[in-house]
Amino acid sequence: MLVLSRRKNESVMVGEDIEIVIAEIRGDKVRLGISAPRYVPVHRREVYEAIHREQTVAK
């Protein structure tokens, strides 16, 4: 796992076309802005796991 330190309005690039921006920091919470092509699904982890569970049950 890569661990980086970033400040508000700084960003991280994933590949050439995905950018993650630190939009806001409040106490122990961080808001992220994610720019990615439409063909790249972006979900919170719990949503991703629910989708995966549903797909597994449907098979």
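Analyst: Let's start with a definition: a helix is a DSSP run of H or I with at least four residues, a strand is a DSSP run of E with at least two, and both are numbered from the N terminus. In those terms, Lys59 lies in the segment after α1. Please keep in mind that this is a predicted model.

User: Thanks! What makes up the pattern of the chain, read along the sequence?

Analyst: The chain has three strands and one helix, and they follow the pattern β-β-β-α along the sequence.

User: Why is the chain called more spread out than a compact globule?

Analyst: The globule rule gives 10 Å for 59 residues, while the radius of gyration of the chain is 14 Å, well over that value, so the chain is more spread out than a compact globule. Along its principal axes, the C-alpha trace spans about 45 × 30 × 20 Å. Of the 59 residues, 5% are buried. Among contacts with a separation of 6 or more, residues 24 or more positions apart account for 0%.

User: What makes β1 and β2 a pair of strands?

Analyst: Two strands pair if DSSP finds at least two bridges between them. Four bridges join β1 (residues 11–14) to β2 (residues 18–26), so the pair meets the requirement of at least two. The two strands run antiparallel. Val12 has Ile20 as its bridge partner in β2, and Ser11 stands opposite Val21 in that strand.

User: How do you know that β2 and β3 pair too, and in which sense?

Analyst: The same test of at least two bridges applies, and β2 and β3 (residues 29–35) have seven bridges, in the antiparallel sense. Ile25 has Val30 as its bridge partner in β3, while Ile20 stands opposite Ile34 in β3. Ile20 is also the bridge partner of Val12.

User: How many residues lie between the strands of each hairpin?

Analyst: There are three residues between β1 and β2, and Gly15 in that turn has a positive phi of about 65°. Between β2 and β3 there are two residues, and Gly27 in the turn has a positive phi of about 60°.

User: Why is Asn9 called exposed?

Analyst: Exposed means over 50% relative accessible area. The value for Asn9 is 59%, so Asn9 is exposed.

User: How do you know that Arg44 counts as exposed, and where is it found?

Analyst: Arg44 is in the loop between β3 and α1 (45–58). With a cut-off of over 50%, the 55% relative accessibility of Arg44 makes it exposed.

User: Why is Tyr39 called exposed?

Analyst: Tyr39 has a relative accessible area of 65% and is therefore exposed, the cut-off being over 50%. Tyr39 also belongs to the loop between β3 and α1. From C-alpha to C-alpha, Tyr39 and Arg7 are 28 Å apart in space and 32 residues apart in sequence.

User: Back to the segment after α1: what makes Lys59 exposed?

Analyst: Its relative accessibility is 84%, so Lys59 counts as exposed against a cut-off of over 50%. Lys59 and Glu24 are 40 Å apart in space, C-alpha to C-alpha, and 35 residues apart in sequence.

Methods: Residues are numbered from 1 along each chain as its sequence is written. This is a predicted model: local features need pLDDT of at least 70, side-chain atom pairs count only at pLDDT 80 or more; totals for chains, interfaces and linings use all residues. Side-chain values use heavy atoms; hydrogens and water are left out. The radius of gyration is taken over C-alpha atoms; the globule rule is 2.2 Å times the number of residues to the power 0.38. Buried means under 20% relative accessible area, exposed over 50%, partly exposed in between (1.4 Å probe, protein chains only). Contact means heavy atoms within 4.5 Å.
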